[in-house]
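Have the viewer open as you read.

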Amino acid sequence: MQTKSENRAFGGFQGVYSHASEACGCEMTFGLFLPEEAATAPVPLLWYLSGLTCTHENAMTKAGAQGWAAEHGVALCFPDTSPRGADVADDEAFDLGQGAGFYVNASEAPWAPHYRMWDYLSEELPALLGAEFALDMERQAITGHSMGGHGSLTLAMRHPGRYRSVSAFAPIANPTESDWGRKQFTAYLGAEETTWAAHDATLLMRETGFDGPVLIDQGAADDFLPLLRPEALSEAMAARRQEGSFRMQKGYDHSYFFISSFMEEHVAFHAEALYR
């Protein structure tokens, strides 16, 4: 692991690190904010998964999360959204290839050699963080935006007991029924649609739900509502009697202005679960 940068922030440190990933077969970069408390004892960890076109840096610099995390003594990890490099397959479209890993393990050419973001975030990166930093990996929570909201919800529901809480900002909620999902799943996972269900938050909510509290914020003025399909997830949560809240926020869009407006509430929501 290499240290790219470390900056003092809110009494703690915002770092950027890179490492050779076995899962993705390339160098991967992530951001990690450690609050002041990490200097003396392991602290709980909140993951933030970003959306299409983003790197580790977008939320790290735009979401305004570090100050609220410092207030609650919580670490924040900002992973990248895909493998990267000259040898990594890519596409001219913004919603496929580098910057658009969709948090799955690709099985189809040319994506399969590197696009293994599910393994990377399920196993490899958590193991690295637990070994290298003062983190209490028994206390984890996860959130994300758009494609990252999709990733946070699917990871949480498919790893019962790992995360104490899950939240999402404008998640791609029902990708098997959306062009933000069907296109990518066909490319990465193949045309057999039965393999897609494991990566659809709405279908997982209907089948198993989440073993903890859920918080979803969706902007009512989001231009991408037809692609996100929030109503499907909301209905699934209600049908399962899922513990949690689904909130439509009047006038808000899909941008980081929306995310930063409600980040304080999301961090506090996770801190309550992490320190319960």
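A salt bridge here is a side-chain nitrogen of Lys or Arg within 4 Å of a carboxyl oxygen of Asp or Glu. By that count, the structure holds nine salt bridges. Keep in mind that this is a predicted model, where local features need pLDDT of at least 70, side-chain atom pairs count only at pLDDT 80 or more, and totals for chains, interfaces and linings use all residues. Numbering starts from 1 along each chain as its sequence is written, and side-chain values use heavy atoms, leaving out hydrogens and water.

Here are some of the pairs:

| Salt bridge | N to O distance |
|---|---|
| Asp 80 and Arg 84 | 2.6 Å |
| Glu 123 and Arg 162 | 3.8 Å |
| Glu 265 and Arg 247 | 2.9 Å |

Glu 265 lies in helix H9 (residues 256–274) and Arg 247 in strand E9 (residues 244–249), so their pair ties together parts 18 residues apart in sequence. Helices (H or I, at least four residues) and strands (E, at least two) are DSSP runs, numbered from the N terminus. Through shared partners, salt bridges join Asp 217, Arg 247 and Glu 265 into one network.
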